[in-house]
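I set down here what I looked up in a structure that was new to me. The entries follow the order of my reading.

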Amino acid sequence: MLDLLHYAIKQAEIFGASDAEAYAATNNESEVFIENNDLKQAKSQSISSIGIRVVLDGSIGFYSINDLAKSRIRDGAAMAIKIARASPRDRHNVLPNRSRSKSKSIRGIYDRNSESFQTSDAAKRAAELLKAAKSYDSRVSVDSGNFSAQVATHALANSNGIELKERASVFSWSIMGMAIENTEISSFDYQVGGSHYVKDIDVSSTASEFAETVVKSLGTQKIEDSFKGEMLLTPMAANEMIEEVIAYAINSDALQKKSSQFAGKIGKQVASDLLTVEDDATNVDGLNASSFDREGVSHRRNVVIEKGILKKFLYNTYTASKDGVRSTGNAGGSTSSPPMVSTTNFLIKPMRSSIDTLISEIDKGILISRFSGNVNPVNGDFSGVVKGGRLIMHGTIQHAVKEVMVAGNVFEALRRLNGVSRERKVIYDSILPYMRFDGISFTTG
Amino acid sequence: MMRNGAQVADNLRLLISSSKSATYVEARYQSRVASEVNFINGELERIRVVENAGCGIRVLVDGCWGFSSTSNISNDALKDSLDQAIAAARTLARTKKNKVKGLTESKMIRGTFSTSASSDNLSDINIEQKVQVAKEAEKEARSNKAVKTASCTYRDMLDHKVIINSDGADIEIHDSKPEFSVTAIARKASQSVTAHEGVGVTGGWDDLFKKNNHVEYARIASARAAKLLDARHVSGKKTTVILDPAMVGLLSHEAIGHTVEADFVLSGSVVKDKIGTKVASDLVTLVDSGRSEIATNAGGTIIVDDEGVVAGRTAIIEKGMLKSFLHNRESAMIFGAASTGNARAFQYSDEPLIRMRNTYIEPGVDKLNDMIRETKHGYIIKGARNGQADANGEFMFGAEEVHWIENGEVKELLRGASISGNAFEVLQSVDMVGNEFQYDIGTGYCGKYQPAKVDGGGPYIRCTAIIGGVQE
């Protein structure tokens, strides 16, 4: 694969590029879908593609093609040059240099056993996931789900001498549905799981958590009055309500476009001291773990918010050049797109309290399993419906609640964060704890 | 870059004729060249051209679906891919409880088609022209002093498809779908208003800029953002509203259309027992069509679906009565209906699913001026923004601008607001339907496991809905 990348770079240089980069990926995937309490379809495919980025007098061109034949790569390089000739100049269009220290490969993201994992194995796991959910309780109904096994190789080379290649295996699964009892239909719940190793595949605990949540969402009672109280988010709800807002605000691209709420706040308190946020592609529990980013910069652990204090923004080479800093290894994107700035694995640090302790300390509040509504990533406003909500009074869970609305602002809420659990969950590329906030407005319909 | 269609078709025919062990085999070759140019605040944010080509093979074996895809379309690679699809289907046969009963009989289409009658060919437009329109329009949007941030995006997709299946479909399709949009954000102190304007069509470059040129779209967006900056907010209430064509399209697609997709109906949609019953006012005829009916160049035009079935006009609601769900051949078999030609796959590597095409309400007889004149108190709702709709037809959509009507006259422009309600109740309340028709959500994509290019629209309609909430 690296030979083809060198070929692409060489061709781009022959056509006139001052700098060139080629990024290729091959992905072998088996996936089985669940629909309406049954297996639906099995899919197996292999996809290879290459993205060629060229710089010509400060102008950028990008062409991507899902064919690794040399003649097509040559055409692609010529097209990238043609695009660069039509693009405006920007002196920050630079490619990263080879790092002086030898870049370290992370371990624990590739399982050799994944090579022999067949579509039939994926079907078995999907059937197991479905069966585990259905056998948990007869009221459980599975609307959709999947089990996917992927082995991916990605490689990057550029004209500054960067040359990298890595392989990873990722198994992931999801399940979505509700519980039905007579005429009552519970809120939908959605759970996911994943691992890099065959031995770590555990569909039954995902199924149990899903089944338990939907069954406990039955028997809803209406809350009489709107109130202000505590909000306890499950990791999935935190992923839906909180994560995107923080990820947007710490992105250097948003900072440079003047839309980050964290502008000018480095070294300042932006959240309660219970909040520590890391972006860490070297944490192999996250499914997005890898050794290098979309433009070949080594990944590392970036502490973004520490005990509520903003420490840094996330950069790729382009935004770093604009601010005169170094890339944090956050160039993201696939072969079909030039690099953007994005998070890798998003982690919120666990604290000492158990979930039970967090619940026992609540005088009046709601445990939210999922949040369905709008979150404005720029200003942090959120409003929507509580899904799978349960009322907590005087330290104990009372009952499921009927369609309660919740609204507020994530940035304000982060200052009111008053509890973070020691238990965490992996949601693809996020590793999140339960999070508790006070002073949140709940409205009944 | 385009492969020879006849050669591809020969390879696929050979493949289909070689597979005797499957109940059904379908091979879809698709080559797509997609371009994107995006400028934000005077800087090039993104430029790319992405080419994807390959063949997706779907089989029905022992009552189970198997799917595989390959970017290599040599005879050997296709055969390998077919074997993989068959093996995948067989692995399900052991565990799947309810086997697929079969596919309904449909007339299988043969021939070569182009989705647009236009002779102007998008592949002749070079990247310089695409860069130029995006750059100039973005600059124009910022020339309005109130506008502090602007962006402009040009995108297009050029598709060449060959679809052959074991039931006799043998089709070659050429499709071209460009789109163009401008966003302007006006700011004053802590106030900020965002306005979008754009267009997405099935057709060529001239079709895209037929109604307005690129600079005019920028002026419309920036003028709206600027004038809304000084507008007041509307107070929330259930009241008479006149929805514009874009909002009618969004409502038809998002809040009604999804509930009648047959796979959704099988999962227990709110309309599952309602065929033949009255679900809307007599004035409402709501249609989903793969052709560009009434007006030209609708963005979701496909002509033939990915199962080889003609993608014609399906009246979902006719004069208020629920008439039809949207089907592929599998769901049509279950319901004892005909396929409506709604099986669509986004790329070669996606399997066909039940998806909408151009979804709209047919025009009536009323003039917009009369609709306003006959409204004692109400609002005109313009500029559909994103929103959400639940399985039961409950929806909440954002609108960019609201015009207050009092005693038959438009009094004042107000800030954007959300509109909500139950879509079926809203359609029951329709009492006037405009006589002018327009498609206006062609820049949109619908998401359901995979994206799909869709469009929608209608005339202005008058109905009752809840208006309220603040949209920045």
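**Ground rules.** I note that this is a predicted model, in which local features need pLDDT of at least 70 and side-chain atom pairs count only at pLDDT 80 or more, while totals for chains, interfaces and linings use all residues. Residues are numbered from 1 along each chain as its sequence is written, chains are lettered from A and ligands numbered from 1 in the order in which they are written, and side-chain values use heavy atoms, with hydrogens and water left out.

**Interface.** I looked up how chain B meets chain A, and found 44 residues of chain B in contact with 47 residues of chain A (contact means heavy atoms within 4.5 Å). The two chains bury about 3800 Å² between them, 47% of it on carbon and sulfur atoms; this is the accessible area (1.4 Å probe) that two parts lose on being put together, summed over both.

The rule finds 6 salt bridges across the interface of chain B and chain A, a salt bridge being a side-chain nitrogen of Lys or Arg within 4 Å of a carboxyl oxygen of Asp or Glu. I also recorded the salt bridge between the side chains of Arg72(A) and Glu51(B), at 2.7 Å from N to O. On the chain B side that touches chain A, the elements giving two or more residues include strand S1 (24-40), strand S2 (43-61) and helix H2 (75-93). S2(B) gives the largest share of that side, 12 residues. Helices (H or I, at least four residues) and strands (E, at least two) are DSSP runs, numbered from the N terminus.

Which value does phi of Asn36(A) take? I read it as near 50 degrees, a positive value in a residue other than glycine. Most residues other than glycine have a negative phi. Asn36(A) lies in the loop between strand S1 (19-35) and strand S2 (38-56) of chain A.

Asn407(B) lies in the loop between strand S16 (394-406) and strand S17 (409-422) of chain B.

I checked the cover of both. Asn36(A) is partly exposed because its relative accessible area is 32%, and Asn407(B) is exposed because its value is 54% (buried is under 20%, exposed over 50%, partly exposed in between, with a 1.4 Å probe and protein chains only).
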